[in-house]
Amino acid sequence: MKIFLQGIVNKYLHEQHHFASVRAFTRYIISCEFEALSAHYKTTDKAALLEKMRNNVRNNLNAKKHIPEPFVEIPEDYILDEKKLLVLSDIHFPHHDVQTLEAVHDRLDNDTALYLNGDVLDCYEASRFDKKPTMPKMREEFEMFAKWITGVQAKRIYYKIGNHEERWEKSANKTIFSLFKAGSIQWVLEQEFGIKNLTFIESKQFTRWGNVHILHGHEVANGANSPIGIARSVGLKTYSDTIVGHSHVTNSFSFKRIDESFFRVYSQGCACALKTDYARVNRWNNGFIEAEIFDDGDYNIFNWLINEKGRLKAM
């Protein structure tokens with residue numbers, strides 16, 4: 001095959017370009033390269049040419065050393081080391097749903113950690129929308145949460161900052177209060193209300209529980225409010241076992257990888273009122289997630305939906 005092709009190429013080079021062989025054509029290319037390099041470095045001496053080329057490479061390498069490091073501010077994943085977990089999302093105090101919180105109290109115990117998955121406070125005062133003067137103020141939201149959380153019995157309690165808390169913190173940090181670190185939910189709860197048993201997770205920080213990622217939902221661009229299927233839409237972005245809130249809708253979706261393994265995404269319901277003046281008609285439902293991880297890394301997740309009769313339905 002090689003000899004056959006070489007014969008065809010030699011014939012082509014001889015007839016079309018007047019080269020005796022592939023070898024002659026190669027020598028010509030090398031000579032052209034040498035002439036071009038000689039003209040660039042202004043020398044025909046081969047030794048001097050090679051030295052100038054080496055110096056050029058060194059200079060390029062030294063120049064690369066002066067490229068500044070880019071600024072990247074992405075928090076590391078928070079590693080959640082818990083065997084049993086109850087995930088509660090979108091309480092939105094003062095618009096909380098009493099029935100959902102009562103159901104959570106019934107299922108919590110001292111062996112189960114409570115993970116508050118964002119938008120625990122509504123932070124109405126920091127909303128960009130028109131505000132009603134009759135709505136509870138931010139201090140009242142803090143007071144409601146403080147009253148509730150002091151009665152919660154759980155192994156540990158985690159508080160993930162959601163997009164509602166984030167907008168209040170951003171608003172507060174534009175004031176002089178940022179000098180005292182008072183522009184954070186954590187600081188206010190600890191300093192003003194004496195609640196110091198919460199572990200806080202940043203707004204854009206991912207939480208990893210074994211192989212499962214837990215997100216509030218605002219971290220996923222255009223993913224947690226899909227009109228088709230929230231769990232499916234989020235899964236097409238995370239490609240990982242994922243628990244996500246934010247949408248106030250309970251659904252799940254399974255994906256099969258090419259290696260025959262599976263991952264599943266769980267969109268969880270909310271713990272707030274299902275009707276508001278800004279969204280009278282919606283797809284929301286109340287719910288929460290219970291989960292347990294096994295020694296081999298596998299897990300069980302129950303994505304509970306609370307129906308119109310107040311009964312729990314696993315989805």
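Here are a few friendly notes on the sheet, one loop and the salt bridges of this predicted model.

1. Ground rules. Residues are numbered from 1 along each chain as its sequence is written. Because the model is predicted, local features need pLDDT of at least 70 and side-chain atom pairs count only at pLDDT 80 or more, while totals for chains, interfaces and linings use all residues; side-chain values use heavy atoms, leaving out hydrogens and water.

2. The sheet. Six strands form an open sheet with mixed pairing, in the order β1-β6-β7-β8-β10-β9. At its edges lie β1 (78-79) and β9 (251-256), each pairing on one side only. Strands (E, at least two residues) and helices (H or I, at least four) are DSSP runs numbered from the N terminus, and two strands pair if DSSP finds at least two bridges between them.

3. Inside the sheet. Strands β7 (residues 212-215) and β8 (residues 242-244) run parallel and are joined by 3 bridges. Ile 214 has Ile 243 in β8 as its bridge partner. Helix α8 (residues 230-238) packs on the sheet and touches β7, β8, β9 and β10 (262-267); contact means heavy atoms within 4.5 Å. The direction of α8 makes about 40° with that of β9, where axes are lines fitted to C-alpha atoms, for helices over the stretch in contact, and angles run from 0 to 180 degrees between N-to-C directions.

4. Pro 75. This residue sits in the loop between α3 (46-65) and β1. Leaving aside neighbours within four places in sequence, Pro 75 is in contact with Glu 202, Lys 204 and Gln 205. The C-alpha atoms of Pro 75 and Glu 202 are separated by 8.0 Å, although the two residues are 127 residues apart along the chain. Pro 75 is partly exposed, at 24% relative accessible area; buried means under 20%, exposed over 50%, and partly exposed in between (1.4 Å probe, protein chains only).

5. The structure holds 11 salt bridges, each a side-chain nitrogen of Lys or Arg within 4 Å of a carboxyl oxygen of Asp or Glu. Asp 77 forms one with Arg 208, with the closest N and O atoms 3.1 Å apart. Asp 77 is in the loop between α3 and β1 and Arg 208 is in strand β6 (residues 207-209), 131 residues apart.

6. Lys 160 and Glu 219 meet in a salt bridge (2.9 Å, N to O), and both residues are buried. Glu 260 and Lys 256 also form a salt bridge, at 3.1 Å, but these two are exposed.
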